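User: I would like to go through this model with you and ask, for each label, what it rests on.

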Amino acid sequence: MPVSSVYERVSNPAAFQERLDALPEEVRAKLGAVRFTEDSIIITAAPMGDMVLKITERVADKRVAFTAESAPVPLIMSINLDAKTPESTEIVTAIDVEIPAMLRPMVGPKLQEAADKFGDMVKNLARS
């Protein structure tokens, strides 16, 4: 898919809700409790409750970044796009979070799992 088409999809989270609702139940179950609005992704995770990731940066055909509101530590999730060919786009997701050194062994693996799930969700929804 051309980078401009992928960017159009990932820069408009509200459109993801429709795609999410159309996915098979087993795929939706793997994604967990997530909702989309015009400019944010809301993930419900126990025991934290709702974590709101609001779009804070849009760079046409390159990047969309989300910043977590009310997170216990600063957290930015980004979707980076790279046009491999005119019809092929690579999607790379990343999480930038400031974790105190003493908490890294406990929190690091869970954040990696969250980053992986976030990446899978974006890739599934961008392609559908």
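User: How much space lies in the largest pocket?

Analyst: In this model, which is predicted, about 860 Å³ of space lies in the largest pocket.

User: What makes a residue part of the lining of the largest pocket, and which residues lie nearest its centre?

Analyst: A lining residue has an atom within 4 Å of a point of the pocket, and 30 residues line the largest pocket, with Ala45, Met51, Lys110, Leu111 and Ala114 lying nearest its centre. By element, β2 (40–45), β5 (75–85), β6 (88–97) and α4 (104–127) each supply at least two residues of this lining, and the largest share, 9 residues, comes from α4.

User: How many residues of the lining are nonpolar, polar and charged?

Analyst: The lining of the largest pocket has 25 nonpolar, 2 polar and 3 charged residues. Ala, Met and Leu count as nonpolar and Lys as charged, so among the residues nearest the centre Ala45, Met51, Leu111 and Ala114 are nonpolar, whereas Lys110 is charged.

User: Why are β2 and β3 called paired strands?

Analyst: Pairing requires at least two bridges between two strands, and 6 bridges join β2 to β3 (residues 49–59), so the two count as paired, and they run antiparallel. Within this pair, Ala45 stands opposite Gly49 in β3.

Notes
Residues numbered from 1 in each chain as written. Predicted model: local features only at pLDDT ≥ 70, side-chain atom pairs only at ≥ 80, totals over all residues. Heavy atoms only, no water. 1 Å grid on protein atoms, 1.4 Å probe; cavity = no way out; pocket = protein on both sides within 12 Å on 5 of 7 lines; lining within 4 Å. Points joined across faces, edges and corners; volume = space filled by probe spheres on them. Helix = DSSP H or I, 4+ residues; strand = E, 2+ residues; numbered from the N terminus.
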